[in-house]
Structures are given as C-alpha cells and as structure tokens.
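Morning, everyone. I have one model to go through today, and I will keep to its architecture. Please have a look at the screen before I start.

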Amino acid sequence: MAEMNDNILEVRNLVKWFPIKSSFFKRTIGNVKAVDGVSFNIKRRQTMGLVGESGCGKSTCGRTILRLQDKTAGDVIFDGQDVFSLSREELRKIRPRMQLVFQDPYSSLSPRLPVGEIIGEAVREHNIVDPSEYDAYISRVMEVCGLPSYYKERYPHEFSGGQRQRICIARSLALAPDFIVCDEPVSALDVSIQAQIINLLKQLQQDFGLTYLFISHDLSVVEHISDTVGVMYLGSMVEYAETEKIFKNPLNPYTKALFSAIPIPDPDVKLNRIILKGSIPSPANPPKGCKFHTRCEQCMEICKYAQPGWKEVEEGHFCACHLYNDSEENAKAAEIMEEAKKAGAVTVDQEVL
C-alpha cells in the first residue's frame, strides 16, 4: 500500500463490539461484533467504496472512524494524527476536517431550522469565517451545491429528497473538510436524482480536493465513483483493490456472488447469478474459521476451522480466503485444524496467517 504521506486516512485492525447485557443484572453476556479487525488506507483526493450486505458493519465502521462512537480496539490515523488519542480540545480542532453525509435526507435535517441556519450553524460554532462574511459565505456554499441563495429562509419540509441531500452536502462542505464519509447518500433517492448527486460529489471532489469514504450497497454507483473498493462481510474485510481490478477479477467467493447480482442493461445478456444459500449469521455469534464458510459453495474442510489470513494475492489486490494460501499457510492451517479435531472442537479461531 502507499506510503504514509500519500494517505489521508489509515485504519489498522479497527474493532467495534457492542456489549450484550443480561436483562436483570446488566452483566455483559456477549458482544455484537459489528466491526472485527478492519484495515485499509485512503489516499488524498480519492474515493474508497465500502460495500457489503446490510448489517455487515459498513456504517458502524464509518462512524467509528469519525469518532462518533468509541472503538473497542485498533487505530485510526487521520492526516498523521491518531484520532482516538486526541484530547477533547484537539478533536474539536480537527472535527471540521472530518464530516459525514447521512443516508436519510429526511430525518438528518432539523425541521425547526431554516436551511441557512442548518448549513451555517457549525460554521458559526467553529469560526470558519469572519462574522461579517458569514451570509455571503453561506450563499456561495449553497450555490456550489446547486441551491439558490434565496432558499436560506425555507424549511426542510419544503424540499424534495434530492434537494434535501444537497442541503446535507452543503452543511458538510461549509466546514471546509478534507475527508467526508458518505453513508449511503443516494440510497433513499430516485435513480435520476442519484445520478445528479453522484455527479455533484465528483465535481466537489475535483474543485475542493476532497477525499471520500463512500459506503453503499449499490455496486453500479460504487464502480462509477470509487478509485478503490473494500468488501465487508459480517464485520470483516474480505477483499480490497483498485476498482478496475476488483470488478474485472474478483477473488473472494463472497465478492464474486455480490458482483454477480449487478444488473446488465442488455436483455440479450444472461446473468450468471450466484445465489447464496442461507442467511447472514448473527454478528453476536459469528461462525468460527472463515465467517463465510456456512454459505460458500467452495468451502473446504480447512475453512471450518482456520480463519484465513489477509494477504496480497496480486499487486495492490488483497484478499482473505484459503483458496489463495501458499504451502506454508496451508500447513499452518492444517495443523490448527488437526489440533481442533483432537480436542473434539467443531471449529477454532486462528490468528491471521
């Protein structure tokens, strides 16, 4: 992967577990493993798409990166600074540089505030511009996002879904950020409006040098906007590569199944759809070994016992799957499998190979 100076964000073995409490004594009796050891880097002025089925931990990962919730373990390095080691005052200083665009443009805007106040509230709080320039600044931000300045006095209920999402984007852009987490920003919009919002995000990235983490389960949108793509399953990253590489040559069986569902706008082309059997296991009790082995058609005996290592299969293309083990990794995994069988266990965890 790239050198540190090339990356605006580095996520290293990020873990976020939510404790499960007993109903009477409120003791912790388990954990929901929403994010379970995720690592990736994002270069400056690029977009990383983060995809996976609903419930795989995409949004939790994005919110934890922004320190909107505490981590369980791991590190998040933003522009050379460890986000979780910052004091409250230090975090406040860099908070404008890390922003979030929410999924639902209806519930993420206060119905009691006019648009100008929604966009400018944080600008005033963080002293982004001089008070004498405040009104002109908000007008410029709105116009850049395709919103006439006379919308300032209107309220969110007077706008369509696409216009509300533009307001959400303007609210983030007003703080002059370097990095924005886009948490499924177009999933609640019509297809024609989705294209407008995606084109707006790309134009803003070009004009202001923004970096995006684009969370979505719409693979066509991700392919269009992303420079790199990470695929998550049940809290873990299973594959990561440049967009062109991963769409042309997906390696992990889960990625192949996911990509096989992408519709092709040609009635004469027959989709080779890979249908996954069963449902996603509970993140509170994930399968041992490879988490995907309960639904994988290429599952081997070793997959039930040993967790696959995260390795670079080809240059810049990372994958976690036993199909790509070398002889040394196979030997180590087989040893663990034999130990588990002798102990009478059904499955056993393995450290990353």
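Predicted model: local features only at pLDDT ≥ 70, side-chain atom pairs only at ≥ 80, totals over all residues.

The protein chain has 10 helices and 12 strands. Its radius of gyration is 22 Å, close to the 20 Å that the globule rule gives for 353 residues, so the chain is as compact as a globular protein of that length. Along the principal axes, the C-alpha atoms fill a box of roughly 75 × 60 × 45 Å.

Now the eight-stranded sheet. In what order do its strands run? The order is β6-β7-β8-β3-β9-β10-β12-β11, in an open sheet with mixed pairing. At the edges stand β6, residues 98-101, and β11, residues 310-314; each has a single partner strand, so one side of each is left without a neighbour in the sheet. On average, and ignoring direction, neighbouring strands here are turned by 20° against each other.

Take the β6 end in detail. β6 pairs with β7, residues 179-183, in the parallel sense, and the pairing covers four bridges. Within it, Leu100 stands opposite Val181 in β7. Helix α5 packs on this sheet and touches β6 and β7, its direction making about 175° with that of β6. Helix α6 lies across β3 (47-51), β7 and β8 (211-215), and runs at about 155° to β8.

How far apart are the axes of α5 and α6, and at what angle do the helices pack? The axes of α5, residues 161-173, and α6, residues 191-208, are 10 Å apart, and the packing angle is about 20°. The two helices are therefore roughly parallel to each other. Their crossing is right-handed. From α5, the contact uses Gly162, Gln165, Arg166, Ile169 and Leu173; from α6, it uses Ile193, Gln196, Ile197, Leu200, Leu201, Leu204 and Phe208. By type, the residues of this contact divide into eight nonpolar, three polar and one charged.

Next, the four-stranded sheet. This one is also open, with the order β2-β1-β4-β5 and antiparallel pairing. β2, residues 28-43, and β5, residues 81-82, are the edge strands, each pairing on one side only. Helix α1, residues 58-65, packs on the sheet and touches β1 (7-21), β2 and β4; its direction makes about 115° with that of β1.

Inside that sheet, β1 and β4 run antiparallel and are joined by five bridges. Arg12 stands opposite Asp75 in β4. Phe78 stands opposite Gln81 in β5, and the bridge partner of Ile77 is Asp82.

What lies between β4 and β5? The two strands form a hairpin with two residues between them, and Asp79 in the turn has a positive phi of about 50°.

To sum up: there is an open eight-stranded sheet with mixed pairing, an open four-stranded sheet with antiparallel pairing, and a right-handed crossing of α5 and α6. That is what I have.

Technical notes
Residues numbered from 1 in each chain as written. Heavy atoms only, no water. Axes fitted to C-alpha atoms, helices over the stretch in contact; angles between N-to-C directions. Parallel < 35°, antiparallel > 145°, perpendicular 65-115°, else oblique. Left-handed = near helix turned anticlockwise from the far one by under 90°. Contact = heavy atoms within 4.5 Å. Nonpolar A, V, L, I, M, F, W, Y, C, P; charged D, E, K, R; others polar. Pairing = 2+ DSSP bridges. Rg over C-alpha atoms; globule rule 2.2 N^0.38 Å.
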